[in-house]
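Please read it with the structure open.

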Amino acid sequence: MDRLQIQGGVALEGEVRISGAKNASLPILAATLLASEPVTVGNVPHLQDVTTMIELLGQMGVTIMVDERMRVEVDATSLNRTVAPYELVKTMRASILVLGPLLSRFGQADVSLPGGCAIGPRPVNIHVAGLQAMGADISIENGYIRARASRLKGVRLVLDTVTVTGTENLMMAAVLADGETMLENAAREPEVVDLANFLNAMGAKVRGAGTDKIIIEGVTKLHSAEYNVLPDRIETGTYLIAGAITGGHVRISNTRPEHLDAVLAKLEQAGATLKIGSDWVELDMRGRRPKSVDVRTAPYPAFPTDMQAQFAALNTVADGVGTIIETIFENRFMHMLEMRRMGAEIRLEGNTAIIKGVSKLQAAPIMATDLRASASLVLAGLVAEGCTVIDRIYHIDRGYESIEEKFASLGAQITRLP
Ligand code: EPU
């Protein structure tokens with residue numbers, strides 16, 4: 001298993017180009033199942049989760065071609081199997097995103113029910129209930145969601161909880177349904193909007209994405225399209241924090257600053273000087289120690305749970321006491337325990353972490369537990385005194401493209417140990 005070795009203490013300096021968003025690429029690749037003609041998706045990041053989604057589509061008989069620039073051409077007309085097997089779903093929960101498209105286009109889907117996960121139980125009851133309301137016949141058999149339907153019917157759905165992949169699954173199911181579907185209390189994340197834009201590029205009729213009410217008028221067929229995935233806002237935020245935590249000066253290019261309002265506001269509170277352009281952000285923290293910030297996670301446009309761990313890392317070395325409240329996932333504090341082993345002063349009370357900044361973290365052998373936790377441990381390693389070795393970094397390869405090359409280009413002393 002690969003490990004990352006980081007020699008801390010370098011103030012990062014330079015420019016990083018942001019990759020396509022993982023959490024937009026996955027639903028968009030799933031949505032290619034809906035098209036009756038080949039489609040091409042560009043700006044897809046080279047990540048383990050993307051590879052898993054491509055493998056999943058391939059196992060269904062879908063024809064896929066990927067070029068060296070990660071432009072992915074998908075032809076779902078060759079599909080001959082409507083199953084998402086346990087072996088793939090257990091490695092990536094987002095495999096559940098094929099449920100809506102398979103059912104809506106082919107009238108059947110057998111998708112392994114995802115189990116619990118390192119960050120919480122993460123049920124999919126809202127995905128299932130929504131499809132049932134649209135007329136699907138769904139049962140759980142031998143650990144699989146067995147879904148059958150003739151043509152799904154448009155309905156009005158009020159989602160119990162704001163769910164990102166739940167909104168996406170139901171939106172994809174609704175594009176080929178008979179009549180109009182209204183999704184209320186829908187997720188407003190930019191990745192939901194990107195998926196809606198892709199669906200519309202294929203001839204779907206989706207409006208209201210980005211608000212909490214999405215209206216989908218069903219059509220009978222989707223056609224070919226070419227589409228580029230939006231840049232990754234969480235990768236952007238992670239490199240900005242890397243600049244801030246090391247007292248550095250970084251420019252993040254090929255991004256969409258407007259998707260990071262809550263994160264940029266927190267970085268300014270932490271004392272960073274920001275310059276913001278149409279597709280870039282520059283952060284300057286030279287000569288300063290960050291100030292502690294309070295963070296409370298909530299659905300977009302509020303502060304993202306996927307940036308919580310990185311801000312926890314920032315608080316461990318900041319001036320003052322900062323509180324992190326996690327409201328989305330039940331068990332997303334594993335990184336805090338590893339940071340404590342590096343000398344961080346963290347008190348945990350339920351979903352709240354109270355972090356008192358220390359002047360220095362110390363290097364230690366540490367272990368990654370989930371994707372964003374791993375990113376936060378890399379950040380901690382960048383400022384720790386000594387040489388930090390992070391184990392189980394396959395988690396990080398699921399969501400950060402070329403992480404060691406990108407950090408090294410900013411001057412970080414980071415190497416992958418095979
Ligand atoms: N929930 C339910 N029932 C459902 C669906 C969700 O109770 O049927 C609950 C969840 O348990 C959770 C809350 O609703 O407490 C919100 O979860 P959501 O469904 O929005 O999460 P998700 O769609 O499974 C996506 C991202 C996550 C990100 C969350 C929250 C993808 C592929 N994944 O997950 O990304 O943390 O939204 O923004 O889009 C990551 O990239 O590291 C990651 C975990």
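The points below take the ligand site and then the aromatic side chains of this predicted model.

1. Ligand shell. There are 21 residues around the ligand, and those that come nearest are Thr163, Thr165, Asp306, Ile328 and Arg372. By class, the shell holds nine nonpolar, seven polar and five charged residues.

2. The side chain of Lys22 places a polar atom 3.0 Å from an oxygen atom of the ligand. For Ile126 the atom concerned is a backbone N or O, at 2.7 Å from a ligand oxygen. Val164 also uses a polar backbone atom, and there the distance to an oxygen atom of the ligand is 2.8 Å.

3. Cover. On its own the ligand has 830 Å² of accessible area, and the protein covers 87% of that.

4. Elements at the site. Two or more shell residues come from each of helix H1 (22-31), helix H5 (125-133), helix H6 (164-175) and helix H12 (371-383). H5 contributes the most, with three residues.

5. Aromatic pairs. How many aromatic pairs does a search of the whole structure find? The search returns three.

6. Are Tyr239 and Phe407 buried or exposed? Tyr239 has a relative accessible area of 0% and is buried. Phe407 has 1% relative accessibility and also counts as buried, because the cut-off for burial is under 20%.

7. A second pair. Phe303 and Phe311 form an edge-to-face pair, with 5.2 Å from centre to centre and 80 degrees between the planes. Phe303 is buried at 4% relative accessibility. Phe311 is buried as well, with a relative accessible area of 0%.

8. Charge over a ring. Which residue lies over the face of Trp280? It is Arg251, at 4.3 Å from the ring centre.

Notes: Residues are numbered from 1 along each chain as its sequence is written. This is a predicted model: local features need pLDDT of at least 70, side-chain atom pairs count only at pLDDT 80 or more; totals for chains, interfaces and linings use all residues. Side-chain values use heavy atoms; hydrogens and water are left out. A residue is near a molecule or strand if one of its heavy atoms lies within 4 Å of it. A polar contact is a pair of N or O atoms within 3.5 Å; within protein, one must be able to donate a hydrogen and the other to accept it, and residues adjacent in sequence count only if both atoms are side-chain atoms. Accessible areas come from the Shrake-Rupley method with a 1.4 Å probe; for residues, only the protein chains shown count as cover. Helices (H or I, at least four residues) and strands (E, at least two) are DSSP runs, numbered from the N terminus. Ala, Val, Leu, Ile, Met, Phe, Trp, Tyr, Cys and Pro count as nonpolar, Asp, Glu, Lys and Arg as charged, and the others, Gly among them, as polar. Rings of Phe, Tyr and Trp (its six-membered ring) pair if their centres lie within 6.5 Å; planes under 30 degrees apart count as stacked, over 60 as edge-to-face and the rest as tilted. Buried means under 20% relative accessible area, exposed over 50%, partly exposed in between (1.4 Å probe, protein chains only). A charge sits over a ring if NZ of Lys or CZ of Arg is within 6 Å of the ring centre and within 35 degrees of the ring normal.
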